[in-house]
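Here is a short tour of one protein chain, written to be read with the model open beside you. Please keep the viewer at hand as we go from the overall fold to single residues.

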Amino acid sequence: EAQLVESGGGLVQAGGSLTLSCVASGFTFDDYAIGWFRQVAGKEREGVSCLSAIDRDTDYTDAVKGRFTISSDSAKKTVYLQMNNLKPEGTATYYCVAEGPYAHDCHGENGVDYWGKGTLVTVST
């Protein structure tokens with residue numbers, strides 16, 4: 001029943017911007033930490049950013065700090081990832097995730113309860 005549906009991926013030039021969206025359903029959105037992982041081809045998925053279920057405080061992996069911004073809209077049950085100054089190493093499938101209930105953080109591959117199917121972001125040189 002729980003679903004996370006991503007959108008917004010696509011092709012963008014290095015230095016450009018994209019905004020990803022993820023619409024949640026089938027669970028209590030506000031009670032779950034929500035965020036984004038990404039997977040570069042041939043590599044393990046890694047956490048990108050997360051919003052706490054407790055207070056929606058943000059966490060970012062160092063690689064995206066200062067360039068990406070995570071936000072959410074409780075009424076729309078949607079989480080966003082604004083990605084600025086994209087770099088080729090950002091080429092990956094980006095997955096929306098939810099962890100909870102009441103998780104302070106997204107705790108990693110084995111901690112996530114729900115995964116979206118992913119949306120592909122390709123950053124060209």
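## Ground rules

Buried means under 20% relative accessible area, exposed means over 50%, and partly exposed lies in between, with a 1.4 Å probe and protein chains only. By this scale Trp115, at 25% relative accessibility, is partly exposed.

What you see is a predicted model, in which local features need pLDDT of at least 70 and side-chain atom pairs count only at pLDDT 80 or more, while totals for chains, interfaces and linings use all residues. Residues are numbered from 1 along each chain as its sequence is written, and side-chain values use heavy atoms, with hydrogens and water left out.

## The overall fold

The chain has zero helices and eleven strands; helices (H or I, at least four residues) and strands (E, at least two) are DSSP runs, numbered from the N terminus. Along the sequence the pattern therefore reads β-β-β-β-β-β-β-β-β-β-β.

How does the radius of gyration sit with a compact globule of 125 residues? The chain has 13 Å, which agrees with the value near 14 Å that such a globule would have; the radius is taken over C-alpha atoms, and the globule rule is 2.2 Å times the number of residues to the power 0.38. The C-alpha trace spans about 40 × 30 × 25 Å along its principal axes, and 39% of the 125 residues count as buried. A contact means heavy atoms within 4.5 Å; among contacts with a separation of 6 or more, residues 24 or more positions apart account for 60%.

## Nonpolar cores

A nonpolar core is a set of buried Ala, Val, Leu, Ile, Met, Phe, Trp, Tyr and Cys residues joined through side-chain atoms within 4.5 Å. The largest one has 26 residues, and those with the most contacts inside it are Trp36, Phe68, Val79, Leu81, Met83 and Tyr94. Two or more residues each come from strand 3 (18-25), strand 4, strand 5, strand 7 (68-73), strand 8 (78-83), strand 9 (92-99) and strand 11 (119-124).

Leaving aside neighbours within four places in sequence, Val79 is in contact with residues including Leu20, Cys22, Phe29, Ile34, Trp36, Leu51, Ile70 and Cys96.

## Aromatic pairs and charges over rings

Rings of Phe, Tyr and Trp (its six-membered ring) pair if their centres lie within 6.5 Å; planes under 30 degrees apart count as stacked, over 60 as edge-to-face and the rest as tilted. By this rule there are five aromatic pairs. One of them joins Phe27 and Tyr32 edge-to-face, at 4.8 Å centre to centre and 65 degrees between the planes. Phe27 is buried at 10% relative accessibility, and Tyr32 is buried with a relative accessible area of 10%. Phe27, Tyr32 and Tyr114 form one aromatic cluster.

Phe37 and Trp115 also form an edge-to-face pair, at 5.1 Å centre to centre and 70 degrees between the planes. Because Phe37 lies in strand 4 (residues 33-39) and Trp115 in strand 10 (residues 114-115), the pair ties together parts that are 78 residues apart in sequence. Phe37 is buried at 5% relative accessibility.

A charge sits over a ring if NZ of Lys or CZ of Arg is within 6 Å of the ring centre and within 35 degrees of the ring normal. Arg45 lies over the face of Trp115, at 3.7 Å from the ring centre, and Arg56 lies over the face of Phe29, at 5.2 Å from the ring centre.

## Loops worth a look

Beyond neighbours within four places in sequence, Ser52 is in contact with Ala33, Asp57, Ala103 and His104.

A cis peptide bond, with omega about 0 degrees, joins Gly100 and Pro101; Pro101 lies in the loop between strand 9 and strand 10. Lys77 has a positive phi of about 50 degrees although it is not a glycine, and its place is the loop between strand 7 and strand 8. Asn85 likewise has a positive phi of about 50 degrees without being a glycine, and Asn85 lies in the loop between strand 8 and strand 9. Lys77 is partly exposed at 30% relative accessibility, and Asn85 is partly exposed at 36%.
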